[in-house]
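I opened the model to look up how some of its segments are built and paired. My notes follow in the order in which I made them.

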Amino acid sequence: MDLSFSFIIPVYNRPNEIKELLNSLRLQTYGKTFEVVIVEDGSTISSEDVIGEYLDSVSISYYKKPNSGPGDSRNYGMARAKGNYFIVLDSDCILPPEYLKEVEESLKEDFVHCYGGPDAAHESFTVVQKAINYSMTSFLTTGGIRGGKKAVNKFQPRSFNMGISKEAFENVGGYGNMHPGEDPDLTIRIWNKGYRTKLISTAFVFHKRRIDWNKFYIQVNKFGMVRPILNLWHPETKKITYWFPTVFCIGLLISILLAIIGLKIPLYFYATYILILFIDALSKTRSLKVAFLSLMATVIQFFGYGYGFLKSTLYINLSNKKPEEIFPKLFFRVN
């Protein structure tokens, strides 16, 4: 395939973020032309003035539409894009200069209709952003599902850094109206159509994650809530490992209670894991402060996800209602 790339970027009230992303796109070392499709998803704070600053240096197609969520906005952009291979990014990402060059080289060597890339922490990130990045990407916390390692089975791309061919998009029908969870749902449907996915480990982005601790908890709690819905829709993808955060948290609470009555051995196992986690975070971030905050981020991640997963599992299995009726805030209405 003669590759022609179109970046697809939904944006909602984030002109400062889109400015940083566009600047990184302007600095790409890729020698060919590419398109940047920006979809303003019902924003009340427009990015139009910022985009105007880059019209002379970046080929931009800019669209405005009513708010309908990131999945539908990506579909909207891909349906109007001029390229034959779409690269979906979150607006809070920054690309290294070699990003697009790495993507093309990898696809030419081993073409797939869908790929995903890792996320990394930029040196300009706050210590909280770096700690959250570690927690979300470490093999010790997530098993590397976000791109920290090559997947043992099939890699599930995430829409902060994901490529999909025009053919696969049209054949699969694009994203659904769930959010979050629209990424794995799309990937599973791509697999079901016979397409292959892969990780391009060199095509990483700096994912800023515009969150504080409270927003981080809300985010991972939603991640936990959508997983049982995905298991319901795609039962062939169920894994016992999805229960790990829930079991981890329940086990920790039980270990603390046992320690109070004198049985401390179970708590020692948790202490050992936390020590290993701290050493790994310190070796990777080279910062004592970030390493300590990474422990906090991990606890928030496990409790948020674990509680969300358990709650959603119980609600779905004990109710005759559809997920859209049980958890309406996890779904956007698409006109």
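**Annotated spans and a set of strands**

I began with residues 290-310, where the chain is 100% helix and 0% strand and the end C-alpha atoms are 29 Å apart; helices (H or I, at least four residues) and strands (E, at least two) are DSSP runs, numbered from the N terminus. I noted that this is a predicted model, in which local features need pLDDT of at least 70 and side-chain atom pairs count only at pLDDT 80 or more, while totals for chains, interfaces and linings use all residues. Residues are numbered from 1 along each chain as its sequence is written, and side-chain values use heavy atoms, with hydrogens and water left out.

From the unreviewed UniProt entry I took the annotation "transmembrane region", which covers residues 240-261, 267-283 and 290-310; its positions are in the numbering used here, feature names are shortened, and annotations may be inferred rather than shown by experiment. I found residues 267-283 to be 100% helix and 0% strand, with 24 Å between the end C-alpha atoms.

I then turned to strand β2 (residues 35-41), where 7 of 7 residues are buried, meaning under 20% relative accessible area with a 1.4 Å probe and protein chains only. Glu35, Val37, Val39 and Asp41 lie on one side of β2 and Val36, Ile38 and Glu40 on the other, and all are buried.

For pairing, which requires at least two DSSP bridges between two strands, I found that β2 runs parallel to strand β1 (residues 5-11) over 6 bridges, with Ser6 opposite Glu35. β2 is also parallel to strand β3 (residues 59-65), joined by 7 bridges, and there Ile60 is the bridge partner of Val36.

Note on methods. Buried means under 20% relative accessible area, exposed over 50%, partly exposed in between (1.4 Å probe, protein chains only).
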